[in-house]
Amino acid sequence: MLRNILCVDDDPIVQYYVKAIIKKSGITEKFDCVSDGRKGLEYLEKCIESTHIPPLVFPELILLDLNMPVLSGWKFLEEYAFTFAPLFSKTKIVIVSSSIDQDDIEKSTAYSFVMDYISKPLTVLALTSLQNKLEHV
């Protein structure tokens, strides 16, 4: 079971759906969702500087949308690579996007911490497969 999953997606319906899928899959009990890349980076900063009780746990898996306002998924990846990837090598990112553009899929492979690229909608089977991959990394 994963300790923590973070979903970064601007669509509240997708957030609700992902939360239901994660609950149904049983792969984690701790799940948070934020509505854009900037809030995602702020969440990760809070994990590092955590004074919460219980402390915030850095996510083992980040589900990331690409097309969002404020800070896109691509910009999130750039900042994550510079700031967080060196600190949290076990954290993996999965892009969950409505884009099926082959250029987007290929571009995502430039980041070693991007584990997979999944076209929406996310499914229980896809989550279970991700969990299996994470256990063998």
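Contact means that heavy atoms lie within 4.5 Å. The model discussed here is predicted, with a mean pLDDT of 91 for the chain and 95% of its residues at 70 or more.

Q: Which residues does proline 59 touch, not counting residues up to four places away in sequence?
A: By that criterion, proline 59, which is placed in the loop between α2 and β3, touches Asn4, Ile5, Leu6, Tyr43, Leu44, Cys47 and Thr91 once residues up to four places away in sequence are not counted. The C-alpha atoms of proline 59 and cysteine 7 are separated by 9.7 Å, although these residues are 52 apart along the chain.

Q: Why is proline 59 called buried?
A: The word buried applies under 20% relative accessible area, and proline 59 has a relative accessible area of 0%, so it is buried.

Q: What makes threonine 28 buried, and where does it lie?
A: Threonine 28 lies in the loop between α1 (12-25) and β2 (31-34); its relative accessible area is 8%, and because the cut-off is under 20%, it counts as buried. Leaving aside neighbours within four places in sequence, threonine 28 is in contact with Met1, Leu2, Arg3, Asn4, Ile5 and Ile22, while its side chain reaches the backbone oxygen of lysine 30 at 3.1 Å.

Q: Why does isoleucine 95 count as buried?
A: Isoleucine 95, found in strand β4 (residues 92-97), has 0% relative accessibility, and since buried means under 20%, the word applies. Leaving aside neighbours within four places in sequence, isoleucine 95 is in contact with Leu64, Leu66, Leu77, Ser108, Val114, Asp116, Tyr117 and Ile118. Isoleucine 95 and threonine 28 are 18 Å apart in space, C-alpha to C-alpha, and 67 residues apart in sequence.

Q: Why does glutamine 131 count as buried?
A: Glutamine 131 lies in helix α5, and its relative accessibility of 14% falls under the 20% cut-off, so it counts as buried. Not counting residues up to four places away in sequence, glutamine 131 touches Met1 and Ile27. As for confidence, helix α5 (residues 124-135) has the lowest mean pLDDT among the elements of the chain, at 88, whereas helix α3 (residues 73-83) has the highest, at 97.

Q: Is valine 70 buried or exposed, and what is its phi?
A: Exposed means over 50% relative accessible area, and valine 70 has 68%, so it is exposed. Valine 70 is found in the loop between β3 (61-64) and α3, and its phi is positive, about 70°, although it is not a glycine. Most residues other than glycine have a negative phi.

Q: What is the peptide bond from lysine 120 to proline 121?
A: The bond from lysine 120 to proline 121 is cis, with omega near 5°, and proline 121 lies in the loop between β5 (114-119) and α5. Most peptide bonds are trans.

Q: Why are α2 and α3 called roughly parallel?
A: The axes of helix α2 (residues 37-48) and α3 cross at roughly 20° and come within 9 Å; because angles under 35 degrees count as roughly parallel, the two helices are roughly parallel to each other. The crossing in which α2 passes α3 is right-handed. Where these helices meet, Gly37, Arg38, Gly40, Leu41, Leu44 and Glu45 in α2 face Phe76, Glu79, Tyr80 and Thr83 in α3 as contacts.

Terms used. Residues are numbered from 1 along each chain as its sequence is written. This is a predicted model: local features need pLDDT of at least 70, side-chain atom pairs count only at pLDDT 80 or more; totals for chains, interfaces and linings use all residues. Side-chain values use heavy atoms; hydrogens and water are left out. pLDDT is the predictor's confidence in each residue, from 0 to 100. Helices (H or I, at least four residues) and strands (E, at least two) are DSSP runs, numbered from the N terminus. Buried means under 20% relative accessible area, exposed over 50%, partly exposed in between (1.4 Å probe, protein chains only). A polar contact is a pair of N or O atoms within 3.5 Å; within protein, one must be able to donate a hydrogen and the other to accept it, and residues adjacent in sequence count only if both atoms are side-chain atoms. Axes are lines fitted to C-alpha atoms, for helices over the stretch in contact, and angles run from 0 to 180 degrees between N-to-C directions. Angles under 35 degrees count as roughly parallel, over 145 as roughly antiparallel, 65 to 115 as roughly perpendicular and the rest as oblique. A crossing is left-handed if the near helix is turned anticlockwise from the far one by less than a right angle, and right-handed if clockwise.
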